[in-house]
2 protein chains.
Amino acid sequence: MGTKRIAEVRQREIAQLARVSQATVSRVLNNDPQVNEELRQRVLSVMDALGYVPDARAQSLRAQRTRLLGLVIHRAPSALAYDPFFSALIASIIDQAGRQGYHLCVDAARTVRGQRAIYEELLRTRRVDGLILVESEARDERIARLTAEGFPFVLIGRYEQGVRHKNIPQEEPCSVDNDNVGAARMATLYLIERGCRRIGYIGGPAGLTVTRDRLLGYRDAIERCGIPYDPRLVVFSEFSEQGGARAMAELLHSAPPPDAVLALDDVLAIGAMREAQRHGLRIPEQLKVVGFNDTPLCAFVEPPLTSVAIDIAGLARAATQRLIDLIEGRVVEPRRLIVPARLVPRESA
Amino acid sequence: MGTKRIAEVRQREIAQLARVSQATVSRVLNNDPQVNEELRQRVLSVMDALGYVPDARAQSLRAQRTRLLGLVIHRAPSALAYDPFFSALIASIIDQAGRQGYHLCVDAARTVRGQRAIYEELLRTRRVDGLILVESEARDERIARLTAEGFPFVLIGRYEQGVRHKNIPQEEPCSVDNDNVGAARMATLYLIERGCRRIGYIGGPAGLTVTRDRLLGYRDAIERCGIPYDPRLVVFSEFSEQGGARAMAELLHSAPPPDAVLALDDVLAIGAMREAQRHGLRIPEQLKVVGFNDTPLCAFVEPPLTSVAIDIAGLARAATQRLIDLIEGRVVEPRRLIVPARLVPRESA
DNA sequence: TTGTAGGCGTTATCAG
DNA sequence: CTGATAACGCCTACAA
């Protein structure tokens with residue numbers, strides 16, 4: 001073990017004690033095959049004795065890279081606080097990055113100005129080698145700028161193509177998304193297989209891409225099975241238990257009422273389920289319910305909620321790997337990767 | 001807007017265009033009051049035109065600090081994944097750190113070897129300026145080493161003092177913890193106020209500090225109110241819904257059965273509550289239940305669960321601020337800070 | 001008040 | 001194969 005404070009052990013000190021030049025120490029450190037075996041051993045043993053570890057700051061300056069990935073979340077900390085999505089995301093990114101010697105720097109941008117500031121602070125200061133962006137907005141200004149700068153970045157989640165100038169060919173940004181259309185189709189087919197014919201769809205706010213994509217999958221599934229699309233079975237709602245309950249109440253007034261419901265979110269599904277129960281319906285016998293996200297809540301409600309699990313770990317792993325590939329100059333194809341979801345059957349359907 | 005790629009704008013370029021020396025550019029950047037106003041303006045306008053931002057890597061090397069805080073989580077990513085505690089923790093740290101120009105680097109250590117590796121990787125490489133440690137184990141070897149190195153760090157959560165050598169006075173590590181004793185006392189008193197006299201305690205595994213501390217608070221509260229301590233009302237359990245159910249079943253066999261239960265954890269509390277309901281007990285009329293952590297689950301169970309909310313944001317803020325104080329050489333007193341918890345009343349008690 | 005020059009710890013290019 | 005030496009971009013004595 002080192003006797004000096006680690007902070008004070010530099011290649012210089014190693015070199016002195018091993019009676020070689022500092023350059024040789026560097027060579028040994030970088031496994032230069034041309035160093036004499038005896039010198040190498042001498043250097044290694046001194047390094048070991050002093051507990052030498054190279055200074056990442058100096059390496060960063062010299063190599064012009066920090067081995068740090070940035071994750072920017074643009075959401076207020078309070079909104080972030082209890083969202084398990086972020087734990088899962090961060091955990092998987094760290095894991096994947098760590099295997100390749102990268103670290104993760106997480107930042108949050110509270111305001112729009114804050115977004116800008118974060119972007120400056122991480123990218124332009126070259127504090128990180130690349131960026132993972134989540135929940136980017138449609139026509140996000142940052143995407144164009146990052147592209148223009150040639151700065152490595154990967155998007156998680158769907159984004160909408162901005163205005164494209166015909167004459168300025170833009171490279172498609174690298175992105176990873178879950179298969180919302182496919183997931184909704186799968187869940188709907190699952191309900192149809194189990195005998196449902198009038199399946200309701202409870203979406204989030206109507207404008208959201210995720211609401212639209214999953215509606216597409218839902219519609220595709222029923223039409224594929226010869227069930228006509230009935231707009232009275234489609235309701236949009238805010239994301240809350242009350243929202244789900246109201247949506248359900250509305251669906252129950254459509255005649256004839258649905259025999260199943262696909263909700264965009266577990267909380268919506270739970271709200272819907274409870275409303276149906278208040279109306280005396282037994283679940284799953286009289287009404288089957290499927291939610292989305294497979295949150296811990298699912299196991300705790302009565303009956304336990306069948307839910308579509310987004311593969312967050314898969315998403316994070318893929319995004320991280322692609323970012324590292326980008327940083328290290330490898331080609332990333334295809335630019336857009338879709339990660340499938342899976343259904344977790346419980347008792348509600 | 002800059003016309004060159006940002007990466008290529010250094011103080012050198014600014015200096016050339018503004019016809020001053022590079023040192024002057026640096027001075028302007030650092031608000032040196034002695035620079036001539038005209039030069040300052042010239043420099044500023046060139047900076048602005050080129051969109052100059054200083055390189056954090058060079059600053060880190062030069063200043064010997066990175067303005068990066070490290071958070072090390074030693075838990076498997078899968079165990080981390082759906083734990084809202086970490087979202088909350090990370091969100092609050094980022095928020096507090098960001099206000100002072102610091103960023104957060106999150107790392108996870110899967111194995112014991114991994115812990116060591118992370119420690120090396122973050123600390124000895126000087127990649128971060130200080131460390132926040134959570135869930136440190138009793139007599140954590142790392143604590144001694146960090147202390148010996150004089151490396152700034154703050155513990156979140158209780159730790160046990162290691163072996164102390166009488167002759168080597170050790171400085172108490174800086175730590176922040178929630179008031180487990182006080183929180184349990186408060187929750188117990190709340191139950192007593194509401195008329196309960198036979199209050200059960202469902203702990204986690206018996207060895208855990210948190211189990212012991214809260215038992216202390218529980219016992220203190222009842223004895224203070226003249227209720228004798230009855231060991232038959234104290235049960236230890238693993239952290240799971242089944243564990244809670246089993247513990248409840250056991251308590252119900254004690255004669256006379258409890259009229260309230262304090263559980264170490266919301267999941268345990270929910271397990272207990274369900275078991276009691278299966279035995280036909282009405283909650284809160286015949287049995288009151290209080291949990292810990294105020295997780296999102298509380299609002300979704302029937303009846304909604306009264307729970308003690310740990311002030312994670314407060315914990316994180318305090319820890320972050322103390323770490324920054326430590327890094328910047330300010331004195332931090334007291335070394336050990338206790339953050340109070342609060343009760344969130346719902347319908348179960 | 002401004003410029004010159006040295007150094008932070010590393011890596012990499014030269015000669016020797 | 002090894003040792004000087006020059007960057008990397010920034011900050012800051014010290015000199016002018």
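**The sheet and what lies around it**

A: In β4(A), the residue opposite A:V134 is A:I156. The model is predicted: local features need pLDDT of at least 70, side-chain atom pairs count only at pLDDT 80 or more, and totals for chains, interfaces and linings use all residues. Residues are numbered from 1 along each chain as its sequence is written, while chains are lettered from A and ligands numbered from 1 in the order in which they are written.

The strands β3 (130–134) and β4 (153–156) of chain A run parallel and are paired over four bridges. Strands here are DSSP runs of E with at least two residues, helices are runs of H or I with at least four, and both are numbered from the N terminus. Two strands pair if DSSP finds at least two bridges between them.

Which strands make up the whole sheet, and in what order? There are twelve strands in an open sheet with mixed pairing, ordered β11(A)-β5(A)-β4(A)-β3(A)-β1(A)-β2(A)-β2(B)-β1(B)-β3(B)-β4(B)-β5(B)-β11(B). At the edges are β11 (336–339) of chain A and β11 (336–339) of chain B, each of which pairs on one side only. From one strand to the next, the twist averages 20 degrees; axes are lines fitted to C-alpha atoms, for helices over the stretch in contact, and angles run from 0 to 180 degrees between N-to-C directions.

The two chains meet in this sheet at β2(A) and β2(B), which pair in the antiparallel sense over three bridges. There, A:V106 has B:L104 as its bridge partner.

The contact between the chains takes 44 residues from chain A and 45 residues from chain B. Two residues are in contact if their C-beta atoms, placed from the backbone, lie within 7 Å. On the side of chain B that touches chain A, the elements giving two or more residues are α4, α5 (77–81), α6 (84–98), β2 (103–108), α7 (112–124) and α13 (297–300) of chain B. Of these, α6(B) supplies the largest share, ten residues. This side of chain B divides into 26 nonpolar, eight polar and eleven charged residues. Ala, Val, Leu, Ile, Met, Phe, Trp, Tyr, Cys and Pro count as nonpolar, Asp, Glu, Lys and Arg as charged, and the others, Gly among them, as polar.

B:R67 is in the loop between α4 and β1 (68–73) of chain B, and its phi is near 55 degrees, a positive value in a residue other than glycine. B:R126 lies in the loop between α7 and β3 (130–134) of chain B and has a positive phi of about 60 degrees, although it is not a glycine. B:R67 counts as buried because it has 20 C-beta neighbours inside 10 Å, and B:R126 counts as buried because it has 22. A residue is buried if 20 or more other C-beta atoms, placed from the backbone, lie within 10 Å of its own, exposed if 12 or fewer, and partly exposed in between.
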